[in-house]
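Work through the exercises below with the coordinates open. Try each task before reading its solution.

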Amino acid sequence: MQFPMAEQRSWKEPIDQLSASADSNHCYPGGHATFSSNVFLSLYDEEESREQSVWGEPFAAVDRSCGLTSKEMAEANRPTIYYLLRLFDSIRGFHKGSLDLSGRHPERYYNLQSQWNRYLCSFLGLETEIRSCGDHGGISQYQIAFNAERWHRFQLKWRLPESASYTQLLKCTQKVLRELKQHPVPHFQSIRLIDLPVEVLDNIVSLASTSQAKALSCTCHTLNDIGQRHIFRTWRMKLHVPPHISPFNVEYSSIDLPTLAYYARQDLERSARFLIETPHISQRVQRLVLTDEWWVSRRAHPHEANNPFVLGGEFYRSVTQIFGSALKVAPRLTTLVLCNLEMNADLVRRVAEIGTLHTLELHLCYIPRTVLRKLLTASSPSSKPSDSALVCPRVSNLRIYMDSSFEETHSQWTGLLMCPAIRTLSLVQFGIGAFLMPDAAFWTKCRLDNLERLALDNIDAGDLAELVRYLATPGGAGGGAGAGAAQRMTHFKLHMDWGVPDADIIALLSALHTAHAPLEVLVLEGLSDAAFPLFDAIAALFPDLLALTLVRRQNASQHQNKLADWPCMSWEYAQRMRGFRRLRHFCWNFRTEYWDATPRALLGFESDFGGAGAVSNSVGGGGGSCGRETGREQLDEDGSNGASASTSPIPAPPPTDDVPYFLDSHWMALPFVAHCPTLRSFSLMDRTVDMVCRITTAPIEPTGTGTGTAGHGIGIGEGEGEVQATDKSTKTGVAKVLTPTYYPTHGSFSWSVSASGGAGQEWNTTASHWPTLAPLSSNTSASGGGGSARTTTTTRVG
């Protein structure tokens, strides 16, 4: 058996892959007992924990007559090779300047140096001699012999297993001694992680996963204080069903479901009690998730008449009280997620009392008709105060998830009456069955005057007739002289898993145009045709779009966002972009094969792929650096490829990562830039983003016989795409610089771009909802008419 190599360090493994022992008794409150919070910070901690589960009981093969002290006897109870390996690698780490998460501090080094000196004395104290074993094939063989009793005592003292040999230990010791000879002076840490500003540390922890944040919080008090703000930011309370309980055969077993429900409620009470008794944790909770798994099992049971998962009304009244107590003790609660709950009047009233709540998510919940009737009468003068208490005026973000397989989930439409001041609305539908819409009386009472961002996921255009009619009707469904509910809508996204005909898309956009929606961002995912008339209709209806995303479904079998074949060539679509006056970002899923032959590859062959600077990056083929190496191509503002674009000095954009020469999809952006001069980014979407080509402008210096200064300050005509010059012998203007960035591993990409005002404006989202917005203040109320939503507060929260 060989020793593991000293370079094998558990601290190099990803933190999110750290395993925990199943028999650990400590777990974070609010989680399941099977989740352990063990974090491995030192070298070989994880390997040693696995070894402990193998040995189980303390190692009892220690000879008590060997003369060891009681402390040495306790250490010898469990032999392990990792005790010495940790010592060897720790000493080497100090002298090489690298170590585990425990840090390189003088106090720790002095302790390790003392252990190393004791070990070295014990190792050199072994009585050894080299004996000859004769010659074998002309090569002399030698064997190291030592006193067996001393070696046994040495093994017990340093907790070595019987399989460890002297030769293996000698090699490890010699390796450490060589390291000490090469680096005789230890390296102590002069700068520590906690020396960074608190804001930077808080940002680091915010980007970490929950398990990673727990690992950081275990290192010191400073990181523990910062980590707790993120570890306990989300709190989950669940009326859980044991995983071994199946709703399909439970009636044939001897399981006592009422007793299990009683114990599940006790666990829920303990979680709520812990939140109440620990105010330093409850004050950090910003997102609360409440789930009822018994309601899920009740739906999954095939027989509704004899359903053992149906619990009594008294039982759920106590559950509602437990959830309500948790809602009261979180003073900074901003996001509430309700999953598979029956939202009775008491629970809705508790939700409406939360003054800091701005985001509400409803996942497959059921809202009784009694709550609907109270909300319908809440706006009338004769309404009761208890009915008005069900309204949540501070909620600005509403996300509703429905399942057509269960009609009761469509009662979540009542959430539009609960939250009349929402700014973002997401409607997600899945399952099979009819998609039920509210009746006319519902839309008459519905008020969405502040709606700015709407996302529809898998909702057929035929099922949206009532909603579209409501958005397009002036003054809402109740009539009136004002604009429709879409008067402030700037962001609209439609995602469909199956292809939607262009005619349905045009009809939907026409309704939004009729409602005077000031659309700036339009996302259409799930086009079946994607013909030229669709481009023309979008440009005619919304010429002031800032961002446009189009995703086509190649066939009936394609249900996800990924690259697809389009009916025509890419440059044929470019001329359809002339109708956009302000378009800055365009994204689509046009497929281009990486191995297709392009003129770009020929330029590489001519230069024998000689590296940076060997291939011209200009459209005209003149001088300049290699576009494939630097990721830059140039194009005149008018789309021409004159000599001025290839010989004039152009400021270089920030360098990008080197990419293979055949990744030249960004050249597709050239005709789009020529026909739409305002374009600033051109992207290809796969499951997330495959390529983003950022487009910047750079001045073209005058060339020819001029003095070299005649072209300074000469620009391009607004929206005309024509280069203007004052010197007949020169050509000046503005050139386009393309900077592509490829994401071959489908990494995460930020859809947030910097607007002219400096604030971030989202132009797409890979999720089914837009980012959250803060509630409108009293002085930015939408009651004043149909102004654009850009005049209101657009601060992102959460």
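## Exercise 1: Cysteines and disulfides

This is a predicted model. A search of the whole structure turns up 0 disulfides.

**Task.** Classify Cys121, Cys446 and Cys693 as buried, partly exposed or exposed.

**Solution.** 
1. Set the cut-offs: buried is under 20% relative accessible area, and exposed is over 50%.
2. Cys121 has a relative accessible area of 59%, so Cys121 is exposed.
3. Cys693 has 0%, so Cys693 is buried.
4. Cys446 also has 0%, so Cys446 is buried.

## Exercise 2: Around Cys446

**Task.** Find where Cys446 sits in the chain, and which residues beyond its neighbours within four places in sequence are in contact with it.

**Solution.** 
1. Locate the segment. Cys446 is in the loop between α18 (440-445) and β9 (453-457).
2. Set aside the neighbours within four places in sequence. Cys446 then contacts Leu416, Leu417 and Tyr470.
3. Check a distance. Pro420 is 26 residues from Cys446 in sequence, with a C-alpha to C-alpha separation of 7.3 Å.

## Exercise 3: A covered helix

**Task.** Determine how many residues of α14 are buried, and which elements they pack against.

**Solution.** 
1. Take the range. Helix α14 spans residues 345-352.
2. Count. 6 of its 8 residues are buried, which leaves the helix mostly covered.
3. Name them. The buried residues are Ala345, Leu347, Val348, Arg350, Val351 and Ala352.
4. Recall the geometry. An α-helix has 3.6 residues a turn, so residues three or four places apart point the same way.
5. List the partners. The buried residues of α14 pack against α13 (313-328), β5 (335-339), α15 (369-376) and α17 (415-418).

## Exercise 4: Paired strands

**Task.** Describe how β13 and β15 pair, and sort the β15 side chains by direction.

**Solution.** 
1. Count the bridges. Strand β13 (residues 585-588) is joined to β15 by 4 bridges.
2. Read the direction. The two strands run parallel.
3. Pick one pairing. His585 stands opposite Ser681 of β15.
4. Sort β15 (residues 681-684). Ser681 and Ser683 point one way, while Phe682 and Leu684 point the other way.
5. Check burial. All four of these β15 residues are buried.

## Exercise 5: A nonpolar surface patch

**Task.** Identify the residues of the nonpolar patch that includes Leu196, and place Leu196 in the chain.

**Solution.** 
1. List the members: Leu193, Ile194, Leu196, Val200 and Ile204.
2. Take the area. Together they have about 370 Å² of accessible area.
3. Classify Leu196. Its relative accessibility is 35%, so Leu196 counts as partly exposed.

Technical notes:
Residues are numbered from 1 along each chain as its sequence is written. This is a predicted model: local features need pLDDT of at least 70, side-chain atom pairs count only at pLDDT 80 or more; totals for chains, interfaces and linings use all residues. Side-chain values use heavy atoms; hydrogens and water are left out. Patches are made of residues with over 30% relative accessible area and no salt bridge: like charges are joined within 9 Å, nonpolar side chains (Val, Leu, Ile, Met, Phe, Trp, Tyr) within 5 Å. Accessible areas come from the Shrake-Rupley method with a 1.4 Å probe; for residues, only the protein chains shown count as cover. A salt bridge is a side-chain nitrogen of Lys or Arg within 4 Å of a carboxyl oxygen of Asp or Glu. Buried means under 20% relative accessible area, exposed over 50%, partly exposed in between (1.4 Å probe, protein chains only). A disulfide is a pair of cysteine sulfur atoms within 2.5 Å. Contact means heavy atoms within 4.5 Å. Two strands pair if DSSP finds at least two bridges between them.
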